[in-house]
Amino acid sequence: MKISGFNKKNSDIKIIVAMSGGVDSSVAAALLKEEGYNVVGITLKLYSQSNITKSKSCCAGQDIEDAIKVAKQFKFPHHVLDYQDKFFSGVIDKFVESYAYGETPIPCISCNQTVKFNDLLKYAKEHEVDALVTGHYVRRVGAQKNAKMYKAKDPSKDQSYFLFATTKEQLDFLRFPIGEYLKSEIRDIASQISLPVKNKPDSQDICFVTKDSYRDLIEKLKPESLVKGNILDIEGRIIGEHEGIVNYTIGQRKGLGLGGYKNPLYVVDINKIKNEIILGEKKFLKKTKINVKNINWIADNIDLKNSIRCSARIRSTQKDSLGILNIKNQKATFEFDSEIDSTSPGQACVFYLKDQVLGGGWITK
């Protein structure tokens with residue numbers, strides 16, 4: 001395993017490896033150490049694990065212990081940084097606020113924007129290391145400066161959607177060696193070098209809440225957001241009452257508490273100002289054009305003065321869809337070649353030119 005962009009021998013290259021306690025970052029740290037790099041492992045303590053299921057977590061109790069075991073096995077220094085306050089203010093607070101405003105947030109992107117690629121990267125530079133290495137499945141191509149981001153070799157594990165907000169300056173300092181491998185290859189390597197986390201499950205969904213507990217978190221931190229209001233049909237008629245807009249997302253079908261309609265109903269809009277949920281048939285979710293704000297552009301080989309023929313991904317689990325992109329003043333419109341299902345404000349839209357990540361932003365109404 002190599003990291004690119006340096007013209008000196010491995011032993012003179014000091015790197016920090018961000019270790020979540022999972023198999024990917026553990027393999028990266030172990031192999032880079034065996035390749036002779038000057039490795040320091042860092043694990044972030046981001047929250048208490050008391051109410052979190054083990055299989056979904058990262059950067060909490062057992063995960064920290066797992067990272068320490070790997071560091072001891074391969075004889076490199078390891079430190080734990082307590083970033084709980086930073087994580088709460090930068091990620092959890094934003095997550096709760098977003099739901100309270102009728103949006104559907106993606107806390108993994110916020111985490112990368114704040115504690116991982118801001119606070120930890122700042123820590124790395126202060127300690128005069130050459131690069132910050134993570135276990136993300138994405139590829140960085142280029143020398144020390146003006147690097148570009150590409151999808152991972154393993155399309156089933158590609159995490160480029162979650163890394164669109166990485167800035168050019170950050171990308172120059174970051175390295176993602178795992179992105180050059182298939183997940184199956186990483187598992188095989190972990191077994192070959194007898195990593196204690198070789199069979200550890202991948203983390204899933206939101207790390208700081210279980211699948212059904214995010215509403216409990218919102219009720220605890222922002223109880224005033226759970227205010228009853230009207231459910232309307234597409235014509236504006238009142239057809240029911242909801243228990244708070246935080247319980248709904250655009251495209252939701254289940255758990256609406258309404259029945260007896262000829263065709264299934266979906267949440268097609270959320271009106272925060274009026275505290276209303278609007279339901280309609282699936283056809284009202286279809287659209288060909290979306291608006292995107294706060295654009296982060298990392299592809300310096302693309303001219304933004306003209307329309308760009310490229311693809312866009314509006315959900316991490318979906319394939320890219322082709323269309324036309326126009327950007328002006330950090331805002332963009334993307335018109336798809338064919339209809340897509342609508343997505344909720346607060347979700348990300350990431351732009352690609354084949355496998356290259358061009359940039360992305362946040363979907364608005």
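What volume does the largest cavity have? About 40 Å³, and we will stop there on this tour.

Before you click, note that this is a predicted model, in which local features need pLDDT of at least 70 and side-chain atom pairs count only at pLDDT 80 or more, while totals for chains, interfaces and linings use all residues. Residues are numbered from 1 along each chain as its sequence is written, and side-chain values use heavy atoms, with hydrogens and water left out.

**Stop 1: the largest core**

Select Phe87 and Leu120, the residues with the most contacts inside the largest nonpolar core, which has 48 residues. A nonpolar core here is a set of buried Ala, Val, Leu, Ile, Met, Phe, Trp, Tyr and Cys residues joined through side-chain atoms within 4.5 Å. Buried means under 20% relative accessible area, exposed means over 50%, and partly exposed lies in between (1.4 Å probe, protein chains only).

Now colour the elements that give two or more residues to this core, including strand 1 (14–18), strand 2 (38–45), helix 3 (84–100), helix 4 (107–126) and helix 7 (214–221). Helices (H or I, at least four residues) and strands (E, at least two) are DSSP runs, numbered from the N terminus. Helix 4 gives the most to this core, with 8 residues.

Stay on Leu120 and show its surroundings. Apart from neighbours within four places in sequence, Leu120 is in contact (heavy atoms within 4.5 Å) with Ala18, Ile42, Leu44, Leu81, Tyr83, Val115 and Leu132. Then select Ala28, Tyr37, Tyr137 and Ile186, which are among the 33 residues of a second, separate core.

**Stop 2: the cavity**

Go back to helix 4 and select Pro107, which lies in this helix. Pro107 counts as buried, at 7% relative accessibility. Draw a distance from Pro107 to Gly90: the two are 17 residues apart along the chain, and their C-alpha atoms are separated by 9.3 Å.

Next, look for empty space. Rolling a probe the size of a water molecule over the atoms shows where it is left. On a 1 Å grid over the protein atoms alone, a cavity is a set of points where a 1.4 Å probe fits but cannot get out, and lining residues have an atom within 4 Å of a point. Grid points are joined across faces, edges and corners, and a volume is the space filled by probe spheres set on the points. The count comes to 1 cavity of 30 Å³ or more.

To see the lining of the largest cavity, select Ile109, Asn112, Gln113, Phe117, Phe162, Leu163, Ala165, Thr166 and Gln170. Helix 4 gives the most to this lining, with 4 residues. By class, the lining has 5 nonpolar, 4 polar and no charged residues. For this tally, Ala, Val, Leu, Ile, Met, Phe, Trp, Tyr, Cys and Pro count as nonpolar, Asp, Glu, Lys and Arg as charged, and the others, Gly among them, as polar.

**Stop 3**

Which residues of helix 7 are buried? Tyr214, Leu217 and Ile218 are. Turn the view to look down the axis of helix 7: its buried residues fall within an arc of 95°, so they line one face of the helix. The arc is that of the directions from the helix axis to the C-beta atoms. What covers these buried residues includes helix 3.

Do the like with helix 6 (residues 183–192), where Lys183, Ile186, Ile189 and Ala190 are buried. Down the axis of helix 6, the buried residues fall within an arc of 120°, so they line one face of the helix. They pack against helix 1 (23–34). Just after helix 6, pick Ser194, which takes a positive phi of about 55°.

**Stop 4: two loops**

Select Asn146, in the loop between strand 5 (138–141) and strand 6 (148–151). Asn146 has a positive phi of about 60° although it is not a glycine, and it is exposed, with a relative accessible area of 53%.

Then move to Asn329, in the loop between strand 14 (321–328) and strand 15 (331–341). Its phi is near 55°, a positive value in a residue other than glycine. Asn329 is exposed, at 66% relative accessible area.

**Stop 5: Ile327**

End at Ile327, in strand 14. Buried or exposed? Ile327 counts as buried, at 17% relative accessibility. Not counting residues up to four places away in sequence, Ile327 touches Ile295, Trp297, Leu304 and Ala332.

Terms used. On a 1 Å grid over the protein atoms alone, a cavity is a set of points where a 1.4 Å probe fits but cannot get out, and a pocket is an open set with protein on both sides within 12 Å along at least five of seven lines; lining residues have an atom within 4 Å of a point.
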